[in-house]
Structures are given as C-alpha cells and as structure tokens.
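Thanks for making time this morning.

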Amino acid sequence: MWIPYFKGQPTDYVIRYVGGIARGEGPAKSFFFWRYNTQVVAVPTQSQDVPFVFNEITSDHQQVTLQGQATFRIDEPKRAAELFNFAVDPVTQRSLSDDREKVRKRVANLVQVATRAEVSSRSLERVLADTPLHASAVTERLRREGALAEMGVAMIAVEFLSVRPTPEVAKALEAELRESLLRRADIAVYARRAATVDEERAIREKELASDKALEEQRGEMIALQGANALREAEHAAVAA
C-alpha cells in the first residue's frame with residue numbers, strides 16, 4: 001500500500017496534525033503520513049513584499065499620494081498559525097484557504113494606519129521633503145505599537161517610492177519653484193553687476209590716486225628746479 005511522503009519547503013514552518021493533535025513541527029519538516037487522518041500546516045517564514053498606494057491628508061489639509069512597499073516576515077509561525085489558516089493539501093501542498101493573502105492585506109492596512117498618523121502630523125512641505133525620514137518613522141511606529149507582533153509578524157522595512165501632491169498643487173509648487181529660481185538668478189545677476197561696478201570704481205580711484213601722486217611729484221620737481229635756478233642766479237650775482 002502506497003504511503004505518501006510530505007517534504008516541507010525550506011522557507012516553511014511545518015506543523016503536522018494527526019487526528020487534530022500536533023504530532024511534530026519544525027522548519028522544512030518532512031515525513032510519511034496517512035492521508036485520511038493527517039492535516040498539515042505550512043507557515044511561510046520568508047520575507048514578503050506588499051506594494052501599496054495610499055491617499056492621505058497632511059496637517060495643512062493637503063492631499064498626497066504615497067506609493068511604496070512594505071517588507072515583512074512571519075517570525076513567530078506558531079502564533080501566526082493560531083490566528084490564520086495556513087493548512088495545505090499534504091499531497092499537492094496547495095493552500096486550502098486564502099489566509100496567506102489575508103495576512104498581506106492586514107499588514108497593508110496597518111502600514112496605512114501608521115502612515116496616516118505620520119502624514120497627518122506634518123505639513124505638505126515636510127512630507128514632500130523628508131520621504132526617507134517618514135519611511136523610518138512609519139517602520140518604527142509599526143514595531144513599537146505591537147499589532148504586528150500579536151500576529152507573529154515582524155516588519156523589516158517600509159519604503160516610499162514616491163510622494164506626490166494633487167496635480168493642481170503640483171503645478172502651483174512648480175510655478176513657485178520657477179519664480180524662486182528666477183529671483184535667485186536675478187539676485188545673482190545684480191550681485192555680479194554690483195561687483196563689476198565696485199571693481200570699476202576701485203580701479204578709477206586707484207587711477208586718480210596715481211594721477212594725484214604724479215602731479216604732486218611733478219609739482220615738487222618744478223619747485224626744486226625753480227629753487228636751483230634761483231640759487232644759481234644768486235651765485236652768479238655774487239661772483240660779478
């Protein structure tokens with residue numbers, strides 16, 4: 001008589017039930033089984049990614065769209081198995097319920113709740129400027145509040161791939177940015193012109209100072225020549 005053999009996946013924590021009583025468990029557990037009284041639970045423990053797109057409101061009542069992904073893993077499979085149905089067909093290893101997807105949806109919901117709390121406490125400017133900081137804050141909030149831990153789930157990271165305001169606000173921000181850049185460009189042009197004027201003034205002042213010094217030297221030379229001529233005349237008169 002053929003007795004089937006169950007071979008657990010390396011990333012699954014397997015619990016074997018015989019007649020409703022747990023008879024063995026462990027990572028990637030394998031065993032022969034009697035198909036008529038054996039139930040198998042296989043809890044996935046590998047990391048999983050959950051993509052999301054949320055629309056939230058900032059503290060200054062502006063809507064933003066946040067797109068990203070959350071990465072989590074089930075680190076307490078026995079606790080998770082008490083809350084969700086991870087039963088599989090021991091022959092085909094096909095899931096017998098949709099609870100694996102239910103875990104992903106619940107994680108996404110908790111991520112949205114944590115994201116809403118962070119976004120609602122910040123202005124639109126801060127939300128758009130500090131995306132990495134928000135992702136870190138959401139991750140820490142999820143770890144601290146413990147709702148995931150009660151499910152046997154550990155949050156690895158939350159990442160925001162993009163944070164966008166509404167199209168109307170985005171256009172207004174773009175216009176404001178353009179005006180700011182134009183003002184900065186105008187200020188730079190005026191500064192360069194002012195610097196050029198100051199340099200030209202300094203050059204003229206140096207030229208005037210140089211001309212003045214030359215005139216003073218010329219006057220001193222003329223006075224010296226006059227004095228010399230007078231002394232020569234006096235010597236000539238005395239000699240005569």
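What follows is a short tour of this protein, from the whole chain to a sheet, a ring cluster and a surface patch.

Please keep in mind that this is a predicted model, in which local features need pLDDT of at least 70 and side-chain atom pairs count only at pLDDT 80 or more, whereas totals for chains, interfaces and linings use all residues. Residues are numbered from 1 along each chain as its sequence is written, and side-chain values use heavy atoms, with hydrogens and water left out.

The protein contains six helices and nine strands, where helices (H or I, at least four residues) and strands (E, at least two) are DSSP runs numbered from the N terminus. Of its 240 residues, 29% count as buried, a word that stands for under 20% relative accessible area, with exposed meaning over 50% and partly exposed the range in between (1.4 Å probe, protein chains only). If we take contacts, meaning heavy atoms within 4.5 Å, with a separation of 6 or more, 64% of them join residues 24 or more positions apart.

Let me turn to the sheet. Four strands form an open antiparallel sheet in the order β3-β2-β5-β8, and its edge strands are β3 (21-27) and β8 (87-88), each pairing on one side only; two strands pair if DSSP finds at least two bridges between them. Strand β2, residues 12-18, is joined to β3 by six bridges in the antiparallel sense, with Y13 partnered by P27 and I15 by E25. These two strands make a hairpin with two residues between them, and G19 in the turn has a positive phi of about 60 degrees. Towards β5 (residues 38-44), β2 forms seven bridges, again antiparallel, and here Y17 stands opposite Q39.

How many aromatic pairs does the structure hold? There are seven, counting rings of Phe, Tyr and Trp (its six-membered ring) whose centres lie within 6.5 Å, with planes under 30 degrees apart called stacked, over 60 edge-to-face and the rest tilted. Ring pairs link F6, F31 and F33 into a cluster.

Finally, the surface. F32, which is found in strand β4 (residues 30-32), counts as exposed because its relative accessible area is 53%.
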